[in-house]
Amino acid sequence: MEENAEIYRPSPVVVEAANIKEYNQLYKYSVENREDFWAEQAEKLFWHKRWDKVLDDSRKPFYKWFVGAKTNIISNAIDRHLATATRNKLAIIWEGEPGDVRTFSYHALNREVSQMANILKAMGVQKGHIVTIYMPQVPEQVFAMLACAKIGAAHSVVYGGFSHEALAERINDAKSRVVLTADGGFRRGKPTQLKEIVNKALEHTPTVEVCITVRRTGQETFMENDRDYWLHDLKALPIASPRCETEVMDAEDMLFLLYTSGSTGKPKGLVHTHGGYQVYTSTTHRMAFDIKDEDRFWCAADPGWITGHSYITYAPLINGSTIFLYEGAPNHPYPDRWWKMVEKYGINILYTSPTAIRGLMRFGESWPKKHDLSGLRLLGSVGEPINPEAWKWYHRLVGGGNCPIIDTWWQTETGGFMICPLPITPLKPGSATRPFFGNEIAVVDDHGVEVQPGHEGNLVIKNPWPGMARTIFNDPERFRKTYWERFESQGWYHPGDSAKMDKDGYFWIIGRSDDVLKVSGYRLGTAEVESALVGHPAVAEAAAIGLPHELKGNSIHCFVLLKTGAAPSRALEDELKKQVADQLGAIARPEEVHFVESLPKTRSGKIMRRVLRAQALGQDLGDISTLEE
Ligand code: WTA
């Protein structure tokens, strides 16, 4: 934390334009009248039937919101816009990496989504089924999610960078019958081989009967009879009518399942529902990004992560914004690709990650300076703490010194922003500032006692909120244990982050306090990396830790104990790195693999990663009284 951080006050122009001009009073109202506040936000949306009760907290921590209401997020994200002038407004502007462009008005979006919805129905998908989506960043990825929601099926989007093993594991957990994919996408001038990965995964997924593939790159791929279909072939059939009724759902029906890493090897499928999620995401997006009708909003995440679910797909469409999507690498063919597109399409709001900013920073100032970025009004950051240096570069070179940076702290589990500024909030580089409306957030010690300002502790959220995950798919007990057991008597949510709060009530996130790593903003479990390593025949035991890395925020370092008979070598080191990358995806590739004679363990046999970390950083080892020897 920067004890004496500089304060950036909003310019009069920003304050003048802001929809919300005052934080403290509205915040006070929102926490003292939480249910009223959320009911007022919910009233801005369309409901097929109004709720009987805003919040049901009778089965903590399994909260329910807008109980008794009938809705479908698609009624808000698409259908209601068709009856207004928004119908002919652009919903999506997409640019492919080779430079091809496709645009869709809300009217066209409805057509595409309805066709896909009818195709899914014709393939036997019903309300309550879970469809797995494994796609590159093409508009069809967004259509696919929306099409599932429209017919009441839940989607499970698996990030297109994951390996066939990771994909198969997620398909099997969700028991998907139908998978949607593409032949590939373009990345750094080359097509990725997505369908090949799916083909491999489907060798181990007994439940899958149908796989629908979008043609993007035109690569040859194996298509199995009676299982594989091209989307464009299906769209030419009478089954693909452009008219489809939106299924009316209960507010608490599952909208999607999204797998994320935790502290064991098995990824957990977080469940989000139609009603509360639509209220929470659209409210946070509208207020924190101060959405105006004319905005062009670019969230440069992948739709495969929660950021892409909440702030590419759902919230902006509910708010009737024009979203921009880009398929490929930020530095292809040159490091000004992003800035060129910001200028070309008149983007007003850019929301990205500290890793992406640091990555573009290293090419120097001349690239953003080549372009007129004055159309930008607000910038956003998400995924990991932003270092003040990157913050200032982003603010000065991309924002021209005029754009507030909306640093948003949240998680897959929270559905939407929990701590973030409004455009009017005085900013301190590196701090996500204050809680979003309705949320009481604190930093406490292990007994739940609030620590003094400036001291590190556990971040806790003291109240329920509409966007919260409802459970872990098929494992409610794990949900309760992971997030609610730590501060059970107080009834607080425990996100697993450590943080400090300063004397002005600003939050400074330090990082994860559990066995979860953020590498380039991607979330990985040390246990997943370790289990990939132990899967190698030469490895007896392994430990993975994160160490600070200039570009990635954290990088993965592994400590490996070999089986007797196996000898350390450069070749084996490379093989092990490849093993992890093959199993978990390229993002998980370890920075270094160290061969060791023993691993520090507690007497009960748990690996003390904390000790490995302290050793690697040359720090004091702390309390090692539980160490085995
Ligand atoms: C981290 C991403 C600091 C945090 C939306 C959290 C952040 C984890 C920020 C969740 C931020 C996210 N500042 N840290 N603005 N945003 N994090 O589920 O450690 O992929 O617990 O959700 O990312 O990662 P997830």
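Visitor: What is the strand order of the open sheet of seven strands?

Guide: This is a predicted model, where local features need pLDDT of at least 70, side-chain atom pairs count only at pLDDT 80 or more, and totals for chains, interfaces and linings use all residues. Residues are numbered from 1 along each chain as its sequence is written, and side-chain values use heavy atoms, without hydrogens and water. Strands (E, at least two residues) and helices (H or I, at least four) are DSSP runs numbered from the N terminus, and strands pair if DSSP finds at least two bridges between them. The pairing is mixed, and the order reads E5-E4-E17-E16-E18-E19-E20.

Visitor: Which residue is the bridge partner of isoleucine 93 in E5?

Guide: Strand E4 (residues 90-95) pairs with E5 in the antiparallel sense, over five bridges. In E5, the partner of isoleucine 93 is threonine 103.

Visitor: How does H6 lie relative to H11?

Guide: Helix H6 (residues 139-150) packs on helix H11 (residues 306-318) at about 60°, with the axes 11 Å apart. Axes are lines fitted to C-alpha atoms, for helices over the stretch in contact, and angles run from 0 to 180 degrees between N-to-C directions. Under 35 degrees counts as roughly parallel, over 145 as roughly antiparallel, 65 to 115 as roughly perpendicular and the rest as oblique. That makes the placing of H6 against H11 oblique.

Visitor: Which residues of H11 make the contact with H6?

Guide: Contact here means heavy atoms within 4.5 Å. From H6 come Val142, Met145, Leu146 and Ala149, and from H11 come His309, Thr313, Tyr314 and Leu317.
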